[in-house]
Amino acid sequence: MDWIINNFLTADETEEIVEYYDALPYAPEYSSHRNRRKLMHYDLPETPYLKSVFQPKIEKHFPGGHVSASTFTEWHTPTNLHTDAWQGHEDKSHKLGITILIPLRITPVEAESSTIIFEQYMPDNLPLIQIAGPNEDSSANGFISHNDPRIQNKQENAITTEFYNSHLKHIPDQNMLRDFSVDRVHKWTIGDAFYWTRNYFHTSSSFDPKLKTKLHAIFFITFP
Ligand SMILES: [Fe+2]
């Protein structure tokens, strides 16, 4: 499987979606200093635009999939190593499914960004999991240690220092990655879509020194 759909959006569609995005209000309850989110209100009949663009494409590429959550997120800093688990309002009677990420804007345009998917995963149906750093309490809700026995398919010392230095320096303690191995690196190309199984660990790449912000649309897709 390639896990990528090139030109998921046309250049015109992307431009129109970004214009639509810029006019939306921020969702303060879902935003922090690290990232700013805007809600899509995907299923609201009063705001049909986004669904009219995305839904035919999602149905074509992911037959039987149901959009159970969707947002725009503009990142100002890289993300931690984590899984995408159930959101509060999702129907847990369905299979956890996949996350689809569609890069929409990189500021400035000449900067680069990637998303890194690991070969390790958590058993299905667990809450959002992040790997705890040296200053975090791994017993806190949602944070676990890198050697937690629930992490599946551990590989010891599989990430080279060269890869760490080029992609993962935002994870301060290299030891946190000791049991992880990289499955794939998705370099961001605007308008492409790439996806992963939601209980697999992933993170953004470290921010290229030029990179100020990056914007994506995210869809969580569940299956019957
Ligand atoms: Fe995620």
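Trainee: Which residue is the bridge partner of H66 in β11?

Mentor: The partner of H66 is T222. Keep in mind that this is a predicted model.

Trainee: What makes β3 and β11 a pair?

Mentor: Pairing needs at least two bridges between the strands. Strand β3, residues 66-75, and strand β11, residues 213-223, are joined by nine bridges. Nine meets the cut-off, so they pair. The two strands run antiparallel.

Trainee: Which sheet do β3 and β11 belong to?

Mentor: They sit in an open sheet of six strands. Its order is β1-β9-β4-β11-β3-β2, and the pairing is antiparallel.

Trainee: What makes β1 and β2 edge strands?

Mentor: Each of them pairs on one side only. Strand β1 covers residues 4-5, and β2 covers 35-39.

Trainee: What lies across β2, β3 and β4?

Mentor: Helix α1 does, with residues 11-23. Helix α1 runs at about 90° to β4, which spans 95-107.

Trainee: How many strands are in the sheet that holds β5?

Mentor: Three, in the order β8-β5-β10. This sheet is open too, with antiparallel pairing.

Trainee: Why are β8 and β10 called edges?

Mentor: Count partners. Strands β8 (182-187) and β10 (200-204) each have a single partner strand, so one side of each has no neighbour in the sheet. On average, neighbouring strands here are turned by 20° against each other, direction ignored.

Trainee: How do you know that β5 pairs with β8 and with β10?

Mentor: Use the cut-off of at least two bridges again. Strand β5, residues 114-121, has five bridges to β8. Four bridges join β5 to β10. Both counts reach the cut-off, so both pairs stand.

Trainee: Which residues stand opposite I116 in β8 and in β10?

Mentor: In β8, I116 faces V185. In β10, I116 stands opposite T203.

Trainee: Why is L96 called buried?

Mentor: Buried means 20 or more other C-beta atoms within 10 Å. L96 has 23, so L96 is buried. L96 is in strand β4.

Trainee: Why is K57 only partly exposed, then?

Mentor: Set its count against both limits. Exposed means 12 or fewer, and buried means 20 or more. K57 has 16 other C-beta atoms within 10 Å, so K57 is partly exposed. You will find K57 in helix α2, residues 49-61. K57 is 48 residues from L9 in sequence, yet their C-alpha atoms are 8.7 Å apart.

Trainee: How much of the chain is buried?

Mentor: Buried residues make up 31% of the 224.

Trainee: Which residues have the most contacts inside the largest nonpolar core?

Mentor: They are I100, I102, L177, A193, Y195 and F219, in a core of 34 residues. Several elements supply at least two residues each, including α2, β5 and β9 (193-197). Strand β11 gives the largest share, five residues.

Trainee: What does I100 touch?

Mentor: Beyond its neighbours within four places in sequence, I100 is in contact with A193, Y195, F219 and I221. Nonpolar side chains in soluble globular proteins tend to be buried together.

Trainee: Why does the chain's radius of gyration agree with a compact globule?

Mentor: For 224 residues, a compact globule would have a radius near 17 Å. The chain has 17 Å, so the two agree. Along its principal axes, the C-alpha trace spans about 50 × 45 × 35 Å.

Trainee: How many helices and strands does the chain have?

Mentor: Three helices and 11 strands.

Trainee: Where is confidence lowest, and where highest?

Mentor: Strand β6, residues 130-131, is lowest, with a mean pLDDT of 81. Strand β1 is highest, at 98. The chain's mean pLDDT is 90, and 94% of its residues reach 70 or more.

Conventions. Residues numbered from 1 in each chain as written. Predicted model: local features only at pLDDT ≥ 70, side-chain atom pairs only at ≥ 80, totals over all residues. Axes fitted to C-alpha atoms, helices over the stretch in contact; angles between N-to-C directions. Contact = placed C-beta atoms within 7 Å. pLDDT = per-residue confidence, 0-100. Rg over C-alpha atoms; globule rule 2.2 N^0.38 Å. Core = buried A, V, L, I, M, F, W, Y, C linked by C-beta atoms within 7 Å.
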